[in-house]
Amino acid sequence: MTVRPKLPEKERQWLGRAPFSNQYNMDKIAVIGAGTMGNGIAHVFAQHGFKVNLVDISQASLERGMATIDKNLDRMVSKASLDQAGKAATLANLTPLDSMEDGVSMVDLVIEAATENLDVKLRIFSELDRIAPAHAILATNTSSISITHIAAATQRPEKVIGMHFMNPVPIMGLVEIIRGYNTSDQVCRTIMDLSKKLGKVPTEVNDYPGFVANRILMPMINEAIETLYHGVAGVVEIDTVMKLGMAHPMGPLQLADFIGLDVCLSILNVMYDGFKNPKYAPCPLLVNMVMAGKLGVKSGEGFYAYAESKKAERVSARFH
């Protein structure tokens, strides 16, 4: 994969164009971060005909992200949900860039999908506010952090919004749309309509820690970990009860491994700090596993072992 060169100066002058007065034209998108969520978001926009800049300061991350998109498109072709022409068109809509300034200077919407860390997001949004066109909407894929807090790092809080996609992005239908305190009605309507054009179901929620999805999901996962921690049942038994008894497609411990135990811990900490309620305090077992580098699928071991398969087929030796 070749990272595209910097834009010519005459094209960069587009940055100074006047903002749209009556409506937003969402023609060109930038996605910041080429990891799991970022490449999935870029994939979906590109597949639906949008021109997408996939931006990451790491060329290695860009290459992995583009390879993942290519592999996922091949899977769609093999299942006859996309033809070869559709794959080619999707890839043609994607431009990988390792410069954030070049990546966002001519776009209508920026979606940040960097790590779930407040300080990182504040730095990114402060920089985006400086280099993105004045009319551009700045969205974040955060799954728990305050949109209002992120928006405060910019001079355009009315144009900052949460756009929380679910993993895996090409498959999952939901997008949580989160208004910050100052997010305008026009921006919210624009993002809701845009999500529908992607074949998603946008659901508007208010800006409180964890929003809706993780405010409900993470305490359940944390309680499953507590249940294991206190010896009530084993890993397989806990997941079996929730799959067969509650009709969940995946048990909570398997799901935690899939999400990433570090991500689960981060979200729980955001909710615990935000609500100051001990019911959101992360289980000590979760804290210890993250400190030990046992992060789930991404590290090769969590509650299950993934050395031989990415499927949760073998419980980690720690929990035998």
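# Notebook: contacts, helix packing and backbone

**Entry 1: Leu253.** I listed what Leu253 touches, leaving out residues up to four places away in sequence: Ala224, Ile225, Leu228, Val235, Ile238, Asp239, Phe303 and Tyr304. The model I am reading is predicted. I placed Leu253 in helix H11, which covers residues 252–259. Is Leu253 buried or exposed? Its relative accessibility is 0%, so I noted Leu253 as buried. I also looked up a pair distance.

**Entry 2: Asp27.** Next I went to the loop between helix H1 (9–12) and strand S1 (28–32), where Asp27 lies. Asp27 has 54% relative accessibility and therefore counts as exposed. I still found contacts for Asp27. Beyond residues up to four places away in sequence, Asp27 touches Phe50, Lys51 and Asp108. The C-alpha atoms of Asp27 and Phe50 are separated by 6.1 Å, and the two residues are 23 apart along the chain.

**Entry 3: H2 against H3.** I then turned to helix packing. The axes of H2 and H3 come within 9 Å and cross at roughly 55°. That angle makes H2 oblique to H3. I recorded the crossing of H2 and H3 as right-handed. Which residues meet here? From H2 I listed Asn39, Ala42, His43 and Gln47. They meet Gly65, Thr68, Ile69, Asn72, Leu73 and Met76 in H3. I sorted the residues of this contact into 4 nonpolar, 6 polar and no charged.

**Entry 4: H3 against H4.** I moved along to the next pair. Helix H3 spans residues 59–78, and helix H4 spans residues 84–92. Their axes are 9 Å apart, and the packing angle is about 160°. An angle over 145 degrees counts as roughly antiparallel. H3 and H4 are therefore roughly antiparallel to each other. H3 passes H4 in a right-handed crossing. On the H3 side I found Ile69, Asp70, Leu73, Asp74 and Val77. These meet Gln84, Lys87, Thr90 and Leu91 in H4. The residues of the contact of H3 with H4 divide into 4 nonpolar, 2 polar and 3 charged. I noted that Ile69 and Leu73 are listed in the contact with H2 and also in the contact with H4.

**Entry 5: the faces of H4.** Which residues of H4 are buried? I found Gly86, Lys87 and Thr90. Looking down the axis of H4, I saw these buried residues fall within an arc of 100°, so they line one face of the helix. The buried residues of H4 pack against helix H2 (36–47), H3 and strand S3 (94–97). On the other side of H4, I found Gln84, Ala85 and Ala92 exposed.

**Entry 6: backbone details.** I finished with the backbone. The peptide bond from Asn167 to Pro168 is cis, with omega near 0°. Pro168 is in the loop between strand S6 (160–165) and strand S7 (174–179).

I looked up phi for Phe211 and found a value near 55°, positive in a residue other than glycine. Phe211 lies in the loop between strand S8 (201–205) and helix H9 (213–229). With 4% relative accessibility, Phe211 counts as buried.

Ala247 is not a glycine, yet its phi is positive, at about 60°. I placed Ala247 in the loop between helix H10 (235–246) and H11. Ala247 counts as exposed, at 65% relative accessibility.

Note on methods. Residues are numbered from 1 along each chain as its sequence is written. This is a predicted model: local features need pLDDT of at least 70, side-chain atom pairs count only at pLDDT 80 or more; totals for chains, interfaces and linings use all residues. Side-chain values use heavy atoms; hydrogens and water are left out. Axes are lines fitted to C-alpha atoms, for helices over the stretch in contact, and angles run from 0 to 180 degrees between N-to-C directions. Helices (H or I, at least four residues) and strands (E, at least two) are DSSP runs, numbered from the N terminus. Angles under 35 degrees count as roughly parallel, over 145 as roughly antiparallel, 65 to 115 as roughly perpendicular and the rest as oblique. A crossing is left-handed if the near helix is turned anticlockwise from the far one by less than a right angle, and right-handed if clockwise. Contact means heavy atoms within 4.5 Å. Ala, Val, Leu, Ile, Met, Phe, Trp, Tyr, Cys and Pro count as nonpolar, Asp, Glu, Lys and Arg as charged, and the others, Gly among them, as polar. Buried means under 20% relative accessible area, exposed over 50%, partly exposed in between (1.4 Å probe, protein chains only). The arc is that of the directions from the helix axis to the C-beta atoms.
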